[in-house]
Amino acid sequence: MRRPARRGEGRRPGRLLRPFSAARTFVRAYDPTLVVSFAPDHYNGFFYDLMPPFCIGYEAVGVGDYGTTAGPLNVPAERAAELAQWVAERDLDVAVSRRMEVDHGAVQPLEILFDGIDTVPVVPVFVNGVAKPFVTMRRVRKLGEAIGGYLARLQDERVLLIGSGGLSHDPPVPQWATADESARAMLLNGRHPTAAARDARQQRVIDTAKAFAAGTAPIQDLNPDWDRALMATLASGDLTPADAMTPDQMAEDAGNSAHEVRTWLAAFAALGAAGPYEVTHSFYRPVKEYIAGFGVMTARTVAG
């Protein structure tokens, strides 16, 4: 079985059309029958009232932030439940949700690759990349390996793995330790905000991005060397060096939201569970307009 892994998130300025096109071509040639999406959240679906390190969705709905599609994903509930049971039996604790809410981190890749969020069956896997405490990167790798072990058994499926999230970036996401009372209320349970409240929150990020591109935003700079080194590790097939990455050092080197790379690690670990793989396309640019190191990688298992 060949299982591609692909990562990408974001809107589409002209210079990024080519890597998106390459990813779409890759995916459409493969024609997956099932998608497993490892995605972060940005305090749109998961909050501090209950913040799991991992969660598998039996049902999921897009919240519609940043102009993405709002509405249900096409989640095969029985397959998702079978996957969750498999992971639990491998001594990995994972939460489950029968009403998962997902934001642009999960939705945009589906829109970009499939022109919709319900065109292909997808099992969403939330990987916490925003809220302390963070589990070890080794634990993330083990999660990916366990999920990949389950998927390797599905001889009747062509499974596409997606890992979506930023590389180095430090957008203006509140941190609990320094947040004021209103920000803490959002971090605790900010579900279903009014349209005006969501627009105001998103506009703050957009304004910061504009200031960052102009060199005036008081946020941490991007770290292209860190980004490229991580992508090289993922491409190598030996993911164990990522075990040494610690949450504090990741934030210091690459920003508070660099923890989203946990989704990349999980996706590549799942791909590698089926055997050796090769990267077929790799693109990287530091994009200040996104407040993110931006990368797209496609990879597939090597037939042997």
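Reader: Leaving aside its neighbours within four places in sequence, which residues is V36 in contact with?

Author: The model is a predicted one, and V36 is among the residues with the most contacts inside the largest nonpolar core, together with F38, I56, V87 and I147. Once its neighbours within four places in sequence are set aside, V36 is in contact with V123, V125, I147, L151, V159, L160, L161 and I162.

Reader: Which helix gives the largest share of this core?

Author: The core has 89 residues. Its largest share, 9 residues, comes from the stretch of residues 261–272, which is helix 9.

Reader: Where are the buried residues of helix 6 when they are seen down its axis?

Author: The buried residues of helix 6 are R198, Q202, T208, A209 and F212, and what covers them includes strand 4 (60–63). Residues three or four places apart in an α-helix point the same way, because there are 3.6 residues a turn. Seen down the axis of helix 6, the buried residues fall within an arc of 110°, so they line one face of the helix.

Reader: Which exposed residues are carried by the face of helix 6 turned away from its buried side?

Author: A residue counts as exposed when its relative accessible area is over 50%. On the face of helix 6 turned away from the buried side, the exposed residues are A195, A196, R204 and K210.

Reader: How far apart are the end C-alpha atoms of helix 6?

Author: Helix 6 has 19 residues, and at 1.5 Å a residue these should span 27 Å. The distance between its end C-alpha atoms agrees with that expectation, being 27 Å.

Reader: Is H192 buried or exposed?

Author: H192 is placed in the loop between helix 5 (181–189) and helix 6 (195–213), and its phi is near 55°, a positive value in a residue other than glycine. Most residues other than glycine have a negative phi. Since exposed means over 50% relative accessible area, H192, at 59% relative accessibility, counts as exposed.

Technical notes
Residues numbered from 1 in each chain as written. Predicted model: local features only at pLDDT ≥ 70, side-chain atom pairs only at ≥ 80, totals over all residues. Heavy atoms only, no water. Core = buried A, V, L, I, M, F, W, Y, C linked by side-chain atoms within 4.5 Å. Buried < 20%, exposed > 50% of the residue type's maximum accessible area, 1.4 Å probe, protein only. Helix = DSSP H or I, 4+ residues; strand = E, 2+ residues; numbered from the N terminus. Contact = heavy atoms within 4.5 Å. Expected span 1.5 Å × (residues − 1). Arc of directions from axis to C-beta.
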